[in-house]
Amino acid sequence: GGLDSTQAALVAAAALDLAGRPRTELLCVTMPGFGTTEGTRGNAETLAVALGADFREIGISEASRSVLGAVEHPAADAVDSVEALLERLRGRPELGDVTLENVQARLRTLVLMTLANDVGGIVVGTGDLSEKALGWSTYAGDHIAMYDVNAGVPKTLIQFVIRWVANERAATWSDSESLRTCLSAILDTPISPELLPADTSGRIAQLTEETLGPYELHDFFLYHFVRHGARAGRLLDLARKAFPASRYDDATLVRWLTKFAWRFFTQQFKRSCTADGPKVGSVALSPRGDWRMPSDARPDVWLGASSRGSPASVPTSSACRRPRPRRTSSPTRPFTRAPSTAAITTPRRRATAARPSSLVRPLERSALGSASTGSTARAVGWRRASATSASCRCTCPRAAPGRNGRSTSTASWTR
């Protein structure tokens, strides 16, 4: 009943059509939890019927209450029914913590995996590129699937694709008018995981963009950061040009850019073991192809903050700027070290410095300073131009440790 699951269902139905198989082999499952609204539940069933897919409803509220009671969660203490639990959550919203939210996501995955074994199918994941970038998923919950069809599509593009299907493709599907109406209703529904109880009037109380920030900003940051290696100051300058100040002032841009950076860096551990998925556009975060990043990376240096908790001073694009590597006529030609004042006395040791990906350049650039440890050092497409002293006063690491932990001078590199 949400945007991502709708996109996954549309892709699965189209795949069955291309394979010449009946759409009844698509099993759509809705699993109402503590925060599922009637509108979302109705949209899920309407969509499945309009696609000609099989449909099942398996509630997880009672199972979630049982698990919360087993771990002695305060929300389920001395509560003997789901209705009583929901009333307690409405009266004491502070009890709706991450434990209460994640137990629902993990139970849904358990149900889907078990059902896939029972019918001989695969679980089609629904997480999109934006959610993978921000880590907006439950580890070992909706983070897991056999195949993630939305892994290469950002949230803003998913909205566009669903609207295009409603306007352009629905007429070629079985129940076109019902499908068009359902897709329009889904597009009008606020983005929410619906893990916390709705308000007394039945409206969604948990809104994703109030917690994460606008997806249009995060998708904008993600593209320029991953595709072009833009740093924090550059992203801020680009956002100022792309969005009017009446929409997002500087304080708002800095706030959500900081949120993006902190979530992107700290949630890498989820991307490191994500399911397979297609690369749709020019940006992808698959750990097996496009994106390699340590799970313990911290955004402090990248943000230009002196310590954790003070990232508000995002540098401008002119701050902490070092020359970008320049491409030579033959990027695969081995390089030779230009004359410099840095003496190297280990002629028999040979090291290679692989081309640092523009995706992780803010973190890995400093490592190039210690890449060449011999007079015959070589690297594909990179040339050591000159040595400089580590006198940078900013927070970026200019001096990399040498052999045996001794500090060495850093070098500028050209490509």
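The legends below walk through several close-up views of this predicted model.

Local features are described where pLDDT is at least 70 and side-chain atom pairs where it is 80 or more, while totals for chains, interfaces and linings use all residues. Residues are numbered from 1 along each chain as its sequence is written, and side-chain values use heavy atoms, leaving out hydrogens and water.

**View 1. The whole protein, to get your bearings.** Of its 415 residues, 45% are buried. Here buried means under 20% relative accessible area, exposed means over 50%, and partly exposed lies in between, using a 1.4 Å probe and protein chains only. Contacts are heavy atoms within 4.5 Å, and among those with a separation of 6 or more, 73% join residues 24 or more positions apart.

View 2. Rolling a probe the size of a water molecule over the atoms shows where empty space is left. A cavity is a set of points, on a 1 Å grid over the protein atoms alone, where a 1.4 Å probe fits but cannot get out, and lining residues have an atom within 4 Å of a point. Look around the largest cavity for Gly127, Glu131, Lys132, Ser137, Asp142, His143, Lys270, Arg271 and Thr274. Helices α6 (129–134) and α13 (268–271) each give at least two residues to this lining. The lining has 5 charged residues, 4 polar ones and no nonpolar ones, where Asp, Glu, Lys and Arg count as charged, Ala, Val, Leu, Ile, Met, Phe, Trp, Tyr, Cys and Pro as nonpolar, and the others, Gly among them, as polar.

**View 3. Histidine 73 and its surroundings.** Find histidine 73 in the loop between α3 (61–70) and α4 (82–91). With 5% relative accessibility, histidine 73 is buried. Its side chain comes to 3.0 Å from the backbone nitrogen of alanine 75. Leaving aside residues up to four places away in sequence, histidine 73 touches Leu68, Leu95, Asp97, Thr99 and Leu100.

View 4. Rings of Phe, Tyr and Trp (its six-membered ring) pair if their centres lie within 6.5 Å; planes under 30 degrees apart are stacked, over 60 edge-to-face and the rest tilted. The count is 14 aromatic pairs. Phenylalanine 220 and phenylalanine 243 have ring centres 5.3 Å apart and planes at 75 degrees, so they are edge-to-face. Phenylalanine 220 sits in helix α10 (residues 215–228) and phenylalanine 243 in the loop between α11 (232–242) and α12 (250–266), so their pairing ties together parts 23 residues apart in sequence. Phenylalanine 265 and tryptophan 302 make a tilted pair, at 5.9 Å centre to centre and 40 degrees between the planes.

**View 5. A loop residue with positive phi.** Most residues other than glycine have a negative phi. Glutamate 194 has a positive phi, near 50 degrees. Glutamate 194 lies in the loop between α8 (176–188) and α9 (208–212) and is buried at 7% relative accessible area.

Terms used: On a 1 Å grid over the protein atoms alone, a cavity is a set of points where a 1.4 Å probe fits but cannot get out, and a pocket is an open set with protein on both sides within 12 Å along at least five of seven lines; lining residues have an atom within 4 Å of a point. Helices (H or I, at least four residues) and strands (E, at least two) are DSSP runs, numbered from the N terminus. A polar contact is a pair of N or O atoms within 3.5 Å; within protein, one must be able to donate a hydrogen and the other to accept it, and residues adjacent in sequence count only if both atoms are side-chain atoms.
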